[in-house]
Amino acid sequence: MGSVRTALACIALIAASGCADAAPAGPKLQWLGGGIITGEGMSVSTPGKPYLYGGLRLCLNRAGSVTVKGVRLEHPQGGIRLEAFTLLPHDGSSNDDTIGNGESITIQRKGLPLENRQVTQVCSPEDSPIQKRTELVLQLSHSGDASGYTSGFVVDYVSDGSDSVLHIDVSYVFCSNTKKDMPDLCTAHKNIDQTP
Amino acid sequence: MAKYRLARTRFLAALALSAATVLTIAPPSNSATIDYPYSGLVEKTIVSGVVARNGTPVYGADVLVVAFPAGDVLDTLPINAEVPSLLVGAASSNSVGRFSVNVDPASLPSQYVDARGRVQLEITIADDTREVRWNTTAVPAQYPTPIGGQEERCGPDVTYGCELGEPVYVVPGAAGASPINIVVGTAGGVAVTPRWSTAKTEGLGASAPQQLVVDLGDQPKLYDVNDNPSTWMTAPAGEEVQPVPDGEQPPPATTQPGPAQPISAAAAAALRTSETAPRTQDFSFVDQAVQAGTITAAQMSAGLVPAAAKKVPCGWKTMERFPGREEQYMGFHNWLEAKGTLNQKSGADHTLGAAGKAPGSSKWTASGNATLSVSSAQEDVITRIVDAWAIGTVNYARWENTCSRAQLIKPTSLGDPIKKFVRANHPVLSGACIERYNGSQLTMTQSKNMTISAGVEVAGISLSSQSGYTNESKLTLDFKAGTKVCGSSSSGVNRSARIEAHKL
């Protein structure tokens, strides 16, 4: 009787809002973030220059594999652009992130592979000395005079044939070197003006 | 203080009218007392807890919740003037010592609620003869968090192997944050989404009302189950330092402060102890109001205290003020080319400890805290900070109970949110690291910052301070040269509770 109730509830949920994310058949992609750092970016950004951001740790909630179809900006403002991304598997032999943040170079020139779209590492227990994960590396830039901003990213992926999404809630700001248009986010603008 | 208490009244008729929220009533005991209703955790619950005596749950312990005025009223009352407080809720504990006090936000007079819907509260928990008191700030829930509707871990139906204060439910916090323990079952076991929370649980990314553990026995205890003092830190500080202009070097340290460390186990245990005082006459007043029909059980369960029952006979009067006490609250651990910016915008929260002293006692014990916010007139931003602790100021007062002459040292308002900076230790953190390049920046706006055990000194007493990272209380680092940022967690810099930035 209980299983009949569950099935009926799921049918009702599918009718109302779609049930695909509620109970994915395959493994679920997770982001090891949501902690202390909520904002990234460049305090002074040169339009057109690429900047690399690594350290975004992804893993699966259980054994299996998912395929990342793409990464999108979420609620972008100004001229921010996501030019490319790649996925780097790590076996956990080092806990340091290999790709730093803010280096002005392309993924290709950095010598990183562009073709990998699979995530297979299962999340390790919190604070385990060995952290297997896949590092998401973003190549971002901004164009025009205005500062660029995104509230985060959406990762579209396929797990066991089903489409799903992962939200990465870290904002990125690229502060214009000519316009002081995002004073709350671009603290370097204050540094320019303020004498201690 | 032996007290004659009024004959027990059961409120059964009233309970029938409010069956939606009231689960049970505390059972009759042999003493001549009136029990207030027991509801499980409901949407309007503002505080829950478990009451014991020497580890054994107390049946029919009584709880009163009183609100203090918002704004600058507490700072402007003349010395010896009574603090205008109001009774806003009452409840009794059930057969396993659990209680929940409910407050309907609509029942609160506007002068008792600040612009963000927050209320300063005092909670008095008593058995037939003794009481303890706790201060807290109830804040509107910002993270709708369903509680209950799942199997209980330790509760009315599960008691085997359960220690005092073990949770009925465990609610997950934000990623990487501690879970939140709930010590009371929900009404009927169904899922409830509370409307009240505390700044501390909000800092963990979930909403839940204050959860207290009380032991009125030979070694009284009183603590917030979600704020374990064993996680509080020392924060040694050196001399005053100034922001460092670009291109300049900071002056050499005259003293090198040690690293922040967890406080000792003995100190953490001491912060959970309390002292009891004789049961206040306020309970007799509420008993009489019940007998007179001025307040009903249904009203208590609904969190609606009628105007005629709001003014209890015993209150507090201000005896002494301690303005401008320095508060140490946010640490920067960064090198010269990773200078920091501290934002203290309107609404930035600071949670500051309170201390109480029982009548005739010479010992101050922890008595909760108050969460105070930076006002728009106090907003401040300081840049170019290197290896420093931020120091703000807080206004404290010493109050005396008008009946028992118990004492309370309580924060009443914030002063200057950024008065100065003092030198901080630069720790070595063994978690994950990431490199940062010239021109990049990072921002911290969403995390529960550590609680500093002796963040404020008032009248020779050390009190705690804590200020979470929020959009209003923000820390930013700007990198002007290659830098390595390391965290305290192997799960990643972003998952760390603390970070430091040093030269690459």
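**Entry 1. Domains of chain B**

Which domains does the domain assignment of chain B give? I noted first that I am working with a predicted model. The assignment gives domain 1 as residues 5-227 + 271-308 and domain 2 as residues 234-267 + 316-503. I then looked up the separation of the two domains of chain B, and their C-alpha centres lie 30 Å apart.

Next I looked up the contact between them. In chain B, 33 residues of domain 1 are in contact with 34 residues of domain 2. On the domain 1 side, the elements that give two or more residues are helix 2 (73-76), strand 9 (130-140), helix 3 (199-203) and strand 16 (277-278) of chain B. Strand 9 of chain B gives the most, with 6 residues. By class, this side of domain 1 of chain B has 13 nonpolar, 13 polar and 7 charged residues.

**Entry 2. Chain B as a whole**

I recorded 6 helices and 31 strands in chain B. Along its principal axes, the C-alpha trace of chain B spans about 75 × 50 × 40 Å. I also compared the radius of gyration with the value for a compact globule: for 504 residues that value would be near 23 Å, and chain B agrees because its own radius is 23 Å.

Of the 504 residues of chain B, 58% count as buried. I then took the contacts in chain B between residues at least 6 apart in sequence, and 75% of these join residues at least 24 apart.

**Entry 3. Helix 5 of chain B**

Which residues of helix 5 of chain B are buried? In this helix, residues 282-291, I found B:Asp282, B:Phe283, B:Val286, B:Asp287, B:Ala289 and B:Val290 to be buried. Seen down the axis of helix 5 of chain B, the buried residues fall within an arc of 160°, so they line one face of the helix. I set beside this a general point: an α-helix has 3.6 residues a turn, so residues three or four places apart point the same way.

I then asked what the buried residues of helix 5 of chain B pack against. Their partners are strand 5 (62-68), strand 6 (86-92) and strand 8 (119-126) of chain B. After helix 5 of chain B comes B:Gly293, whose phi is positive, near 80°.

**Entry 4. Strand 25 of chain B**

Are the faces of strand 25 of chain B covered or uncovered? I found both covered in this strand, residues 433-436. B:Cys433 and B:Glu435 are buried on one side, and B:Ile434 and B:Arg436 are buried on the other. The general rule I recalled is that side chains in a regular strand alternate between the two faces of the sheet.

I also looked up a pairing of this strand. Strand 25 of chain B pairs with strand 30 (residues 483-487) of chain B in the antiparallel sense, over 4 bridges. Within strand 30 of chain B, B:Cys486 stands opposite B:Cys433.

**Entry 5. B:Leu336**

I located B:Leu336 in the loop between strand 17 (316-332) and strand 18 (338-344) of chain B. B:Leu336 is partly exposed, since 16 other C-beta atoms lie within 10 Å; a residue needs 20 or more to be buried. Leaving out residues up to four places away in sequence, I found that B:Leu336 touches B:Val244 and B:Val386. B:Pro220 is 116 residues away from B:Leu336 along the chain, and their C-alpha atoms are separated by 49 Å.

I recorded 2 helices and 12 strands in chain A. Of its 196 residues, 39% count as buried.

How many residues of chain B are in contact with chain A? I found 40 residues of chain B in contact with 33 residues of chain A. Strand 21 (380-385), strand 25, strand 26 (440-444) and strand 29 (473-479) of chain B each supply at least two residues of the chain B side. Strand 26 of chain B gives the most, with 5 residues. The residues of the chain B side divide into 16 nonpolar, 19 polar and 5 charged.

Lastly, I looked up strand pairing between the chains. Strand 2 (residues 39-45) of chain A and strand 26 of chain B pair in the antiparallel sense over 4 bridges. A:Gly39 stands opposite B:Thr443 in strand 26 of chain B.

Technical notes:
Residues are numbered from 1 along each chain as its sequence is written. Chains are lettered from A and ligands numbered from 1 in the order in which they are written. This is a predicted model: local features need pLDDT of at least 70, side-chain atom pairs count only at pLDDT 80 or more; totals for chains, interfaces and linings use all residues. A residue is buried if 20 or more other C-beta atoms lie within 10 Å of its own, exposed if 12 or fewer, and partly exposed in between; C-beta atoms are placed from the backbone. Two strands pair if DSSP finds at least two bridges between them. The radius of gyration is taken over C-alpha atoms; the globule rule is 2.2 Å times the number of residues to the power 0.38. Two residues are in contact if their C-beta atoms, placed from the backbone, lie within 7 Å. The arc is that of the directions from the helix axis to the C-beta atoms. Ala, Val, Leu, Ile, Met, Phe, Trp, Tyr, Cys and Pro count as nonpolar, Asp, Glu, Lys and Arg as charged, and the others, Gly among them, as polar. Domain bounds come from an automatic or database domain assignment.
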